[in-house]
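Dear colleague,

Please find below the structure that I am handing over to you, with its sequence. My findings follow it.

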Amino acid sequence: QNSNMVVYVLHVKADLEGHIASVAIQPGSDICISVRNPLLIDEVREKVVIDSSALEEPAVYDRQHNEPPCHFALKWQGHEERSTIRVLWNNDLVENGQKKRGSVKGHKNKKENTMLTREMTSSDSGEYVPMLAFECQGVEPFLFHPMEFLVTEDDGKKHEKIDVSSGEWEMYDWATGN
């Protein structure tokens, strides 16, 4: 099993119409993904739900190998060590006031004032936006199953836990009939 951490970034594309100012995946929300063994791509776990608000304690195998805290862990058949996923939010990407060094494609060893993930705004409508990142060891996310989004209107009104699992969501105002 490869002991290197790999960061996968989910880019989301949506058409934001009407009075929608932004769409975000809230830190701490449940995230549903399908994962596979990067060494045996036919070995998969479908629709794994990750509680991104709870870090699991790391497993300690011996003095040479300590696993980092993670949001999800599993053992593939024939492997002794656990494969792990840690959901990264923007505040996880900063240590001691400096950006973590990592092997994110295009960002290797750079200290830039950029964010790895962010919310989608109305000016991003129809464009891909990096909204979620996973730091993975021995596991590869390959399918995202939308569960909950936070939608904010132009006037600041928030709609929490919006279910977009059907692939779309429309806002309806009972007062105006729109």
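In what order do the four strands of the open sheet stand? The model is a predicted one, and in it the order reads β9-β2-β12-β13, with antiparallel pairing. The edges are held by β9 (120-121) and β13 (158-163); each has a single partner strand, so one side of each is left without a neighbour in the sheet. Within this sheet, β2 (residues 20-24) and β12 (residues 148-153) are paired in the antiparallel sense over four bridges.

I turn next to the nonpolar core. The largest one comprises 28 residues, and V23, V35, I85, M131, L132 and F134 are those with the most contacts inside it. At least two residues of this core come from each of β1 (6-13), β2, β3 (30-37), β4 (40-51), β5, β6, β10 (128-137) and β12. The strand that gives the most is β10, with five residues. As for F134, residues up to four places away in sequence are not counted, and the residues touched are V6, V7, Y8, I31, I33, I85, R86, V87 and P141.

With kind regards

Methods
Residues are numbered from 1 along each chain as its sequence is written. This is a predicted model: local features need pLDDT of at least 70, side-chain atom pairs count only at pLDDT 80 or more; totals for chains, interfaces and linings use all residues. Side-chain values use heavy atoms; hydrogens and water are left out. Two strands pair if DSSP finds at least two bridges between them. A nonpolar core is a set of buried Ala, Val, Leu, Ile, Met, Phe, Trp, Tyr and Cys residues joined through side-chain atoms within 4.5 Å. Buried means under 20% relative accessible area, exposed over 50%, partly exposed in between (1.4 Å probe, protein chains only). Contact means heavy atoms within 4.5 Å.
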